Amino acid sequence: MMILYVDGDAFPNLLKPILLRAIERLALQTIVIANKKINIGKSSNISYMIVEQGADEADDKIVELLQKGDLVITADIPLANRVIEKQAHAIDHRGLEYTKDNIKECLAIRNLMQEIRDSGEITKGPAPFTQKDAQSFANQLNNFFQKYQK
């Protein structure tokens, strides 16, 4: 049975009701992992786990618990790469499903942008999260569950 893991650090508020409805509709066992208290909503299907403060503490805990076929919701591309390596699934907050076909390119672009920032160049950063992004996430989540659930 698939378990849903939510990388709770920086999880957009607009997505919380969308995700809660999906969790309830599918009775999906969900674990929200973060280094601070995060509340997706009240559900007997959701458990919350707070990890130590630190750059990759939540990521490491997700990877430790993750099994083949599970789903992780994260905007963290290095975490998504680790998820794909464990033959699990990852979807970002804007509705992109990371796959073995696109994760290396996503990681390369992310690393290039990090090198540019580290060299002192000022970059814009990601666009603000919008209702359109939330709708893309909802559509991708729905498509994912139609494809992978039972």
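Is Ala27 buried, partly exposed or exposed? With a relative accessibility of 43%, Ala27 counts as partly exposed, because that class lies between buried (under 20% relative accessible area) and exposed (over 50%), using a 1.4 Å probe and protein chains only. Ala27 sits in the loop between H1 and S2, where the names stand for helices (H or I, at least four residues) and strands (E, at least two) found as DSSP runs and numbered from the N terminus. Although Ala27 is not a glycine, its phi is positive, at about 50°.

Before going on, a word on how to read the values. The model is predicted, so local features need pLDDT of at least 70 and side-chain atom pairs count only at pLDDT 80 or more, while totals for chains, interfaces and linings use all residues. Residues are numbered from 1 along each chain as its sequence is written, and side-chain values use heavy atoms, with hydrogens and water left out.

Look for Ala10 in the loop between S1 and H1. Ala10 is exposed, with a relative accessible area of 64%.

Now follow the chain into the strands. S1 and S2 run parallel and are joined by 4 bridges; two strands count as paired if DSSP finds at least two bridges between them. S1 also pairs with S4, again in the parallel sense, over 3 bridges. Tyr5 is a handy landmark here: Tyr5 stands opposite Ile31 in S2 and opposite Val72 in S4. In a regular strand the side chains alternate between the two faces of the sheet. Both faces of S1 are covered, with Leu4 and Val6 buried on one side and Tyr5 and Asp7 buried on the other. Together, S1, H1 and S2 make a right-handed β-α-β unit. Right-handed here means that, with the strands pointing away from the viewer, the path from the first strand over the helix to the second runs clockwise.

To see the packing up close, pick Leu71. Leaving aside neighbours within four places in sequence, Leu71 is in contact (heavy atoms within 4.5 Å) with residues including Met2, Ile3, Leu4, Tyr5, Leu141, Phe144 and Phe145.

Among the buried residues of H5 are Asp133, Phe137, Gln140, Leu141 and Phe144. Their cover includes H1, S4, strand S5 (89-91) and S6.

Helix H4 (residues 103-118) has 16 residues and reaches 22 Å from its first C-alpha to its last, close to the 22 Å expected. Which residues of H4 are buried? They are Ile103, Cys106 and Leu107. These residues lie on the same side of H4 because they cover an arc of only 95° around the axis, taken from the directions from the helix axis to the C-beta atoms. An α-helix has 3.6 residues a turn, so residues three or four places apart point the same way. The face of H4 turned away from its buried side carries the exposed residues Glu105 and Glu115.

The cover over the buried residues of H4 includes helix H3 (77-85) and strand S6 (97-98). Asn81 lies in H3 and counts as buried at 10% relative accessibility. Beyond its neighbours within four places in sequence, Asn81 is in contact with Ile103, Lys104 and Leu107. Just after H4, finally, Gly120 takes a positive phi of about 105°.

Note on methods
The expected span of a helix is 1.5 Å times one less than its number of residues.
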